[in-house]
Amino acid sequence: MLLSIKNLSTTYANGVQALREVSLEIPTGMFGLLGPNGAGKSTLMRILATLQEADSGAVTLGNLDVLKQKDGVRKILGYLPQEFGFYPKVRAQVLLDHFATLKGIVNAKERKELVEALLQRVNLWDARQRKLGEFSGGMRQRFGIAQVLLSDPKLIIVDEPTAGLDPAERNRFLNLLSEIGENVVVILSGKYEVKRDRHKNLAIEIYYDKKHPYNLDRMIAGVKSAFDYCTKNFGLYPYKTVKIVEVPDYGIIGGSARSQPTVFTWTENGGFISNLEDSTAIDVVFNTTTHEMAHQWWGHIVKAAEAEGAAVLAETMAQWVRVMCMQQMYGVEKTHRFRQDEMDDYLSSRARQQVDEPPMMRSTTQAYLNYDKGTLIMYALQDYIGETRVNAALRKLVNQFGFKEAPYPTTVDLLAALREVTPDSLQFVITDLFETITLYDNKVEEAKCTTLANGKFQVRLKTQTHSQRE
Ligand SMILES: [Zn+2]
């Protein structure tokens, strides 16, 4: 079942255009509409729910023409508006039974079984004898869903379902919707505060919970920093906006932030409520923002082939941008501490692995390689050949593979580009960093500095250096 919306527009009698040329394809599963008040979310939902007319455009659900076959749509639609009436003095089970009768389920046994099953499904079984007036907001929402499910809908629309719910209720409610969404199209909307900023031609929007405004400025600084770094070195950003959207912790699989073209979602715990008052701490919010922003180029503009090394072309490249932006913003000293942390993570993680460590170019799902070692080797590489050369090689990849379909690049292409900009005397560095596992153990045993007559300094170092290839 696919809900397809094409060029939907509507203008209210007072001249306000609520929707302009909206086009969307929504498959089964949960689909969120988000925006500030007045963005047109409720209007779109009301049109889909056959409660309001559109001026132009087309909407189909499977074979149904949603704008014309309204009766057909109503048979498979479940709509839960922001506010819905309920009967405070009636017990939950009695009321649901009553609604089932209204739905035309006349067989008493069949109706009883359905009502009981639904009350269990929405986790209201224990409260079935309580009156609706005694229910919490979340319980009422779940009762609303049970009511919606009476007609076995194929399309469920829920307008701002979690407004006013506490976190536990919110989790329970959204988990219920995602369960239902396995074979139904579920559309829900959310209410956010929006922080807006502009940078050159880029509109920046952060959709956040009113109670979590702490780190928005760091996010905006991160967007700007990575935008400048990436447009300068890898080419233009092809869109006019970037949006960061706060989501609950359970809404994300793998990692706390996730980048899609023009939008990245970020969990509340992962960045929005991080406490960064200690100014000596590493600014993880700024850092993460630059990483996610870099994915617009490395992951979206350039897509890697599904082969060994794929994550190097996405995560390691994003780490490269992260460490260079961090250096620009916070200086070499803090960046050094960050790299020290990455080194500790890399060395301790590699010691714990049950699977042999592959060379970087053949890394697959190993986060300790794609992120931690990735930061270290890219930074080391620019120490050897210079930042300009590293970026010239990366720019070549973007030019060659950006916005293109298969064949997608692999780390073989990355290494070829890097070798091209690396002098003969330093080719071994590429071998050490990417093609083999080579560990260095360097230390300075003694350092002496004397001031010369001409005002310059003479520095003598006694060093010990050692490398080992596995
Ligand atoms: Zn990433």
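Residues are numbered from 1 along each chain as its sequence is written. Because the model is predicted, local features need pLDDT of at least 70 and side-chain atom pairs count only at pLDDT 80 or more, while totals for chains, interfaces and linings use all residues.

**Exercise 1. Describe the side of domain 2 that touches domain 3.**

Step 1. The chain is divided into domain 1 (3–191), domain 2 (193–294) and domain 3 (315–439), with bounds that come from an automatic or database domain assignment. The centres of domain 2 and domain 3, taken over C-alpha atoms, are separated by 23 Å.

Step 2. Counting contacts (C-beta atoms, placed from the backbone, within 7 Å), 14 residues of domain 2 meet 19 residues of domain 3.

Step 3. On the domain 2 side, α7 (216–234) and α9 (284–294) each supply at least two residues, and the largest share, 6 residues, comes from α7. Helices here are DSSP runs of H or I with at least four residues, strands are runs of E with at least two, and both are numbered from the N terminus.

**Exercise 2. Determine how far α9 is covered, and by what.**

Step 1. A residue is buried if 20 or more other C-beta atoms lie within 10 Å of its own, with C-beta atoms placed from the backbone; by this test 10 of the 11 residues of α9 are buried, including Phe286, His291, Glu292 and Met293.

Step 2. The elements that cover these buried residues include α7, β12, β13, α8 (268–272) and α10 (315–352).

Step 3. Two of these elements, β12 (residues 257–260) and β13 (residues 263–267), run antiparallel and are joined by 4 bridges, where pairing requires at least two DSSP bridges. They form a hairpin with 2 residues between the strands, and Thr262 in the turn has a positive phi of about 65°; Gln260 has Val263 of β13 as its bridge partner.

**Exercise 3. Trace the largest nonpolar core through domain 2 and domain 3.**

Step 1. A nonpolar core is a set of buried Ala, Val, Leu, Ile, Met, Phe, Trp, Tyr and Cys residues joined through C-beta atoms within 7 Å. The largest has 60 residues, and those with the most contacts inside it are Ala226, Ala294, Leu313 and Val321.

Step 2. Helix α10 gives the most to this core, with 10 residues, and the core draws at least three residues from each of domain 2 and domain 3.

Step 3. Leaving aside neighbours within four places in sequence, Ala226 is in contact with Thr289, Thr290, Met293, Ala294, Val321 and Cys325.

Conventions. Two residues are in contact if their C-beta atoms, placed from the backbone, lie within 7 Å. A residue is buried if 20 or more other C-beta atoms lie within 10 Å of its own, exposed if 12 or fewer, and partly exposed in between; C-beta atoms are placed from the backbone.
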